[in-house]
Amino acid sequence: MIQSVTLDDTAAIAVGAGILGTGGGGSTYLNRLRLNIELRKQGRAVSVIRADDVPDDAVVCAVGGMGAPTVSNEKLQEGTEIKTAVRALEDHLRREVYAIVIGEIGGGNALGPMITALQTGLPVVDGDSMGRAFPELQMDTFMIYGLAPAPFVLADTHGNVSIFKRIGSAGQAEAFARSLTIEMGGSAGLVMPIMSGADMKATIIRDTLSLAKRIGEAVLDCRARSIAPAEIVAALCNGEVIFTGKIVDVNRRTVEGFARGRLKISAFDDFNKQMEIDFQNENLIARVGEDVLCTVPDLITLVSLEDGEAIGTESLRYGLRVAVLAMPAPKELKTPEALAVVGPKAFGYDVEFSPMAGDLL
Amino acid sequence: MRIGIDVGGTNTDAVLMDGTAVVSSTKTPTTANVSEGIARALRDVIADSGINTETIDGVMIGTTHFTNAVVERKHLTPTACIRLGLPATVCLPPMVDWPLDLRDIVGGNAHLAHGGHEFDGREISAFEPDEVRDIAEKIKAAGLNAIAISSVFSPVNSTFEEQSAEIVRSVIPNANITLSSEIGRIGLLERENAAIMNSCLRQLAARTVDGFKAALDELQIASPFYISQNDGTLMNADFAKEYPVLTFASGPTNSMRGAAFLSGLKDAIVVDVGGTTTDIGVLQHGFPRVAALAVEIGGVRTNFRMPDTYSIGLGGGSLIQEDPLKVGPRSVGYELTEKALVFGGDVLTTTDVIVAGGGEDIGNKHAVSGLDAGLVTAVQARIMEMIAIAVDRMKTSATPVPVIVVGGGSILVTGEIEGASEIIKPDHFPVANAIGAAIAQVGGECDRIFSLAELSRDEALDQAKQEASDRAINAGAAAESVDIVDVEEVPLAYLPGNATRIMVKAVGDLVGA
């Protein structure tokens with residue numbers, strides 16, 4: 001397991017986070033740039049601790065960015081929004097935060113918390129609450145396993161901070177956070193949830209930052225040796241390559257603010273042998289004919305056949321040559337409580353979750 | 001009559017066109033001094049046809065000169081950047097993602113100031129004229145007069161950029177200023193990068209465009225001349241001096257537009273076979289399909305609407321390795337006419353194999369008569385396989401589509417292409433790019449976020465279309481000929497009020513053409 005993150009590690013972590021993003025989670029480009037700058041500025045590494053090293057009575061908080069990617073790519077952050085939110089939280093609680101927790105290891109939000117860790121001088125915990133990417137706040141193991149959504153904190157570029165002392169449910173937190181984010185100019189820093197070390201240890205998915213780095217290193221190593229990375233990545237995650245071929249159709253529409261769609265991939269040797277994947281920001285269900293090969297919460301990621309770079313659902317287009325990785329979800333996402341929130345039915349599909357053998361890690 | 005010229009890395013091609021007819025064409029080597037090459041090409045094409053230069057209505061030039069300047073880090077002017085958006089954007093200052101060698105050359109003189117807008121048009125912070133004036137003084141003290149100005153969400157509202165420019169001009173009267181809103185789309189770093197590159201290319205652009213003018217004067221061609229842009233439309237000489245970055249990637253665009261014109265097809269795949277590489281692109285409604293992702297120029301990310309092309313290392317000069325059989329990517333390039341077997345050289349190239357297979361009669365065909373027939377067949381099959389895979393990659397549906405083959409290396413295409421409904425090798429295929437330049441129109445674009453809570457969708461679309469048309473007319477299009485050629489609506493995830501990004505492109509014929 002990793003103990004620190006240095007400039008030499010960010011490329012691998014970004015690639016790995018992309019693959020764990022299952023098509024969503026947003027681009028890692030800007031956050032990786034920012035993390036590199038912060039690492040150079042601070043002249044030290046991000047300190048990484050194991051979840052079990054956090055005392056039961058310590059306070060930890062998960063952090064991430066909230067908002068539309070189109071806005072975040074134009075109105076770049078001031079850079080200390082989340083740090084400000086963490087400090088405001090400490091004032092409110094009259095407690096010092098012990099460590100920063102990654103909310104979502106899939107995509108750009110994997111890297112942001114390490115910037116906050118450097119700025120606050122706090123360590124970051126090796127783990128996260130999704131083990132992948134999901135579109136909404138309540139779809140994480142902290143909320144699924146009943147941790148309190150309040151207090152939660154939102155901060156904007158001007159230093160405005162909003163602390164929600166009470167909130168009825170994670171779903172309401174999602175709704176309030178969304179509308180406040182709009183008022184804050186379409187992007188904001190989020191601290192949620194705030195929890196004790198004991199609660200964090202009871203609900204977090206452990207060691208996913210290390211996993212992201214291992215995946216990324218394997219991909220970069222394959223690129224250096226000019227070999228296709230898909231099989232090696234799948235093996236690292238106890239998964240398998242369930243299809244290789246060319247994207248032949250992408251059908252998308254935006255419903256209620258989310259990108260939904262279906263893509264088709266044809267096998268290289270037989271055009272009529274096709275895989276269909278349903279996606280809503282993330283890839284959710286993979287089928288060949290009537291056979292469902294993999295469903296959410298198990299991970300489905302398309303990677304470019306040649307270089308193993310993850311392909312986001314916003315970049316799908318006809319002609320891309322891809323390998324489809326299916327990786328078992330972490331065990332924390334496969335309990336009845338979890339499946340009620342992140343199973344195929346929760347996304348509106350009348351499909352049973354038939355888990356892949358094994359666990360992500 | 002019109003003359004189209006394409007200045008490539010290897011060849012400068014020229015065509016003389018009378019309406020839709022190609023009167024004459026020529027291919028000459030590109031020279032270190034681009035204007036000399038152009039003058040020679042002009043002389044050839046005029047002499048060849050024997051026309052009176054007074055009958056020339058316009059000269060259209062496509063050039064890779066400015067792209068090459070950035071790629072080779074040559075002739076770049078040190079440039080300062082002012083960005084309006086404080087307190088936002090501090091964490092990623094201008095030029096933050098540039099390659100260090102390029103940043104060193106351009107100077108890395110970057111300043112942040114208050115201003116900028118939110119996605120819905122609210123101000124991020126109030127504009128502070130004194131702050132900009134102080135920055136301008138600093139830039140002046142640093143001895144710089146090339147300046148790029150960016151402001152957050154300036155494609156939605158460009159007032160702050162314009163106000164800043166006015167202030168900078170009051171401090172630095174000869175300031176050469178590029179506003180990011182004039183050349184780029186939403187995506188701050190990418191748009192700002194383009195604006196900075198534009199300012200650092202302006203001196204070179206002025207020299208180069210003046211050189212083109214001198215070449216025309218020398219041949220007593222008094223007609224206006226135009227430079228082609230990456231979207232397949234033209235800009236006049238003055239505009240080109242102002243916006244040299246808009247020429248980036250105009251080469252592939254011209255060859256695809258030329259292919260559309262020569263074949264009469266508006267929807268097809270274009271295969272442009274050169275000496276070293278083959279570029280495959282897609283025509284949609286007569287224009288190249290544009291790339292969806294960020295495009296790097298000389299290591300700098302931009303968000304220009306570049307044609308979406310896929311290149312493979314296959315051309316008329318590609319080397320052939322016999323065992324195991326390998327075609328390209330190594331190539332003799334421009335030395336083909338010295339090194340290939342049919343030209344008396346000692347290197348086996350794709351051109352030699354095509355001649356041996358009886359497909360073409362080029363050079364001395366006896367030099368390849370001894371080639372093993374099995375090898376010839378195998379190489380031809382491999383070439384077609386390489387092209388078929390690349391074509392397949394670019395196709396937009398599973399249905400077979402027509403494939404247009406252009407470029408000097410078109411002789412390589414000898415058989416069927418899997419997935420092609422037909423293969424068209426139009427007349428004048430070697431100079432399709434110069435023809436693309438000659439027939440180009442002028443255009444304008446609008447790319448903004450509209451809140452459909454305040455406007456109806458139709459009103460927003462009408463506004464966007466009007467803006468794009470106005471820009472086309474400003475660029476020199478005849479108002480009555482302006483057509484909307486592309487409308488793209490992207491509903492924005494996670495935003496309320498039906499915020500929708502609308503991109504519209506309008507094109508029209510040049511006034512008087």
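Trainee: In which sense do β17(B) and strand β18 of chain B pair, and over how many bridges?

Mentor: Good place to start, and keep in mind that this is a predicted model. The general idea goes like this: strands of a sheet pair through backbone hydrogen bonds, either parallel or antiparallel. Here, β17(B) and β18(B), the latter covering residues 326-331, pair in the antiparallel sense over three bridges.

Trainee: What joins β17(B) to β18(B)?

Mentor: A hairpin does, and it gets from one strand to the other through four residues.

Trainee: Where do the side chains of strand β17 of chain B point?

Mentor: In a regular strand the side chains alternate between the two faces of the sheet. You can follow that along residues 318-321 of chain B: Ser318(B) and Ile320(B) point to one face and are buried.

Trainee: Over how many bridges do β5 and β7 of chain B pair?

Mentor: Six bridges, in the parallel sense, linking β5 (residues 79-86) with β7 (residues 146-151). To find one of these positions, go to Arg83(B), whose bridge partner in β7(B) is Ser150(B).

Trainee: Now a helix by itself. How far does helix α1 of chain B reach?

Mentor: Helix α1 (residues 34-49) has 16 residues and spans 23 Å from its first C-alpha to its last. That is close to the 22 Å expected at 1.5 Å a residue. Just after α1(B), Gly50(B) takes a positive phi of about 65°.

Trainee: Which residues of α1(B) are buried, and what do they pack against?

Mentor: Among the buried ones are Val34(B), Ile38(B), Leu42(B), Val45(B) and Ile46(B). The buried residues of this helix pack against several elements of chain B, including β1 (2-7), β2 (11-18), β3 (21-29) and α7 (188-218).

Trainee: Last one: how is chain A divided into domains?

Mentor: Into domain 1 (4-206) and domain 2 (228-347). Their C-alpha centres lie 26 Å apart. To read a contact, check what each side supplies: 19 residues of domain 1 of chain A are in contact with 24 residues of domain 2 of chain A.

Trainee: Which helix gives the largest share of the side of domain 1 of chain A that touches domain 2 of chain A?

Mentor: That's α1(A), with four residues. The residues on that side of domain 1 of chain A divide into 10 nonpolar, eight polar and one charged.

Terms used:
Residues are numbered from 1 along each chain as its sequence is written. Chains are lettered from A and ligands numbered from 1 in the order in which they are written. This is a predicted model: local features need pLDDT of at least 70, side-chain atom pairs count only at pLDDT 80 or more; totals for chains, interfaces and linings use all residues. A residue is buried if 20 or more other C-beta atoms lie within 10 Å of its own, exposed if 12 or fewer, and partly exposed in between; C-beta atoms are placed from the backbone. Helices (H or I, at least four residues) and strands (E, at least two) are DSSP runs, numbered from the N terminus. Two strands pair if DSSP finds at least two bridges between them. The expected span of a helix is 1.5 Å times one less than its number of residues. Two residues are in contact if their C-beta atoms, placed from the backbone, lie within 7 Å. Domain bounds come from an automatic or database domain assignment. Ala, Val, Leu, Ile, Met, Phe, Trp, Tyr, Cys and Pro count as nonpolar, Asp, Glu, Lys and Arg as charged, and the others, Gly among them, as polar.
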